[in-house]
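Please look at the sequence and the model below before reading on. The paragraphs after it go through selected parts in turn.

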Amino acid sequence: MRLTLLSRASDLARIQTAIVADVLTRTLGAEIVSTVRAAAGDRDQQTPLAAMPDKGAFTADLSDALADGAADLVVHSWKDLPLEPRPDTVIAATLERADPRDLLLIRRDVIADRPPLIRILTSSPRRAWLLERAVSSFLPWPIESLQAVPVRGNVPTRLRKLLDGPAHGLLVAKAAIDRLLDPTHPFDEPRRAVREAIDRCAWMVLPISACPTAPAQGALAIEVARRRADLVDALAAVSHAPTWRAVVAERAVLAEYGGGCHLALGATCLTRDFGDVIAVRGRRPDGAEESRWALASARPSPPRIPARAVWPRPEERDRALRRPLDVHAPSRDRGLWVTRADALPSAWPVSEDQPVWAAGVRTWAKLAARGVWVHGCADGLGDREAPAVDRVAGRPVAW
């Protein structure tokens, strides 16, 4: 089977196409030919994203080419696809999702100055809305205002704009950074540029509970013409069911509130063996705020236990005293997983280079109030939630 794969022309799009090509070669024995085409959103680098057409700015041209027979498949970032299905094409499969979380980068010289006003590059209404409401408490010095500064261009271009100033930081999808830093792809120059830019910044992975992402962020959509029933059937064998379920759930939330990438609303579904965790946060079209962090459990809940049967009982809780232990800090190359803010001795020297991971957002905020740079958290979901930050950190992190 010989298949032509079409994608946008950016380095990231070509890497994503290479990921899909590798899967199709291994699982279907297909011979792959990759080709690229600029979308309308790529050709117009001047119009702010919030002012561009809400549907298909980065996908319609490629889908049209697919329908016209110019390719067998198109590889999209699923978050760019409009909600309305096309009559002539269909999303036939998705691969296992990359990390859906957002990554905040702030230049090291800014951290040294600790300004009260921080300007962050982003053209996403969702990210801009969340900046002031969710991110301030995660930074380790008092912030009076976090301002969103519109930015256009691919990820390496946005990183260059960050380093050139005058903005202080950049919000970007972690999946994009992880893919650009992947040592297995052959695109050496963009990987080197991204690595050099990140090394000049401190980073933190924003929690899903406080900062849910664009629906389908990190997921790849494989689109084919509806008339190609043979491809639809073949691709069903490579599609990742949990990712598909999560994307459908997130896009359903977006549709519930009117849809569109200009909506300041994030929705992320985390599929776990204990159930699906759904996070929704943002501003609805009527101006009201929405906030949801809920679990659809995969198993029956245990029976409720009355408070009087749980130790310690309320009347016993003031009988214990906490005292700090005189223990030596581990070597600086170790990451620190902090289950309670009090568990990190105040005497331990911690810089923004040493990875610090919190159990949840409250522990994160308490550590930040002490001046500790926290790189992310497990969102209260337990220590089985892997930080998955080795590529961003530039080394395997032992915790």
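The text below covers a sheet, its helices, some loops, the cysteines and the aromatic rings.

This is a predicted model, in which local features need pLDDT of at least 70 and side-chain atom pairs count only at pLDDT 80 or more, while totals for chains, interfaces and linings use all residues. Residues are numbered from 1 along each chain as its sequence is written, and side-chain values use heavy atoms, with hydrogens and water left out.

Start with the sheet. Helices (H or I, at least four residues) and strands (E, at least two) are DSSP runs, numbered from the N terminus. Two strands pair if DSSP finds at least two bridges between them. Five strands form an open sheet in the order E7-E6-E8-E5-E9, and their pairing is mixed. Its edges are strand E7 (145-149) and strand E9 (201-205), each of which pairs on one side only. On average, neighbouring strands of this sheet are turned by 25° against each other, direction ignored. For such angles, axes are lines fitted to C-alpha atoms, for helices over the stretch in contact, and the angles run from 0 to 180 degrees between N-to-C directions.

Strand E6 (residues 117-121) pairs with E7 in the parallel sense, over five bridges. Leu121 has Val149 in E7 as its bridge partner, and Ile118 has Leu146 in E7.

Contact here means heavy atoms within 4.5 Å. Helix H5 (residues 125-135) lies across strand E5 (102-107), E6, E7 and strand E8 (169-173), and runs at about 170° to E7. Helix H6 (residues 155-164) lies across E5, E6, E8 and E9, at about 165° to E8. The loop between H6 and E8 contains Pro166. The peptide bond from Gly165 to Pro166 is cis, with omega near 5°.

Two alanines in loops have a positive phi. Buried means under 20% relative accessible area, exposed over 50%, and partly exposed in between (1.4 Å probe, protein chains only). Ala216, in the loop between E9 and strand E10 (220-225), has phi near 75° and is buried, with a relative accessible area of 0%. Ala388, in the loop between strand E16 (376-377) and helix H12 (390-393), has phi near 55° and is partly exposed, at 44%.

Another loop residue is Arg340, found between strand E14 (336-338) and strand E15 (356-358). Arg340 is partly exposed, with a relative accessible area of 45%. Not counting residues up to four places away in sequence, Arg340 touches Arg322 and Thr363. Its C-alpha atom is separated by 9.0 Å from that of Lys366, 26 residues apart along the chain.

Cys211 is buried at 2% relative accessibility, and Cys377 is buried at 6%. Zero disulfides are found in a search of the whole structure.

Last come the aromatic rings. Rings of Phe, Tyr and Trp (its six-membered ring) pair if their centres lie within 6.5 Å. The structure holds four aromatic pairs. Ring pairs link Trp337, Trp357 and Trp399 into a cluster.

Terms used: Rings of Phe, Tyr and Trp (its six-membered ring) pair if their centres lie within 6.5 Å; planes under 30 degrees apart count as stacked, over 60 as edge-to-face and the rest as tilted. A disulfide is a pair of cysteine sulfur atoms within 2.5 Å.
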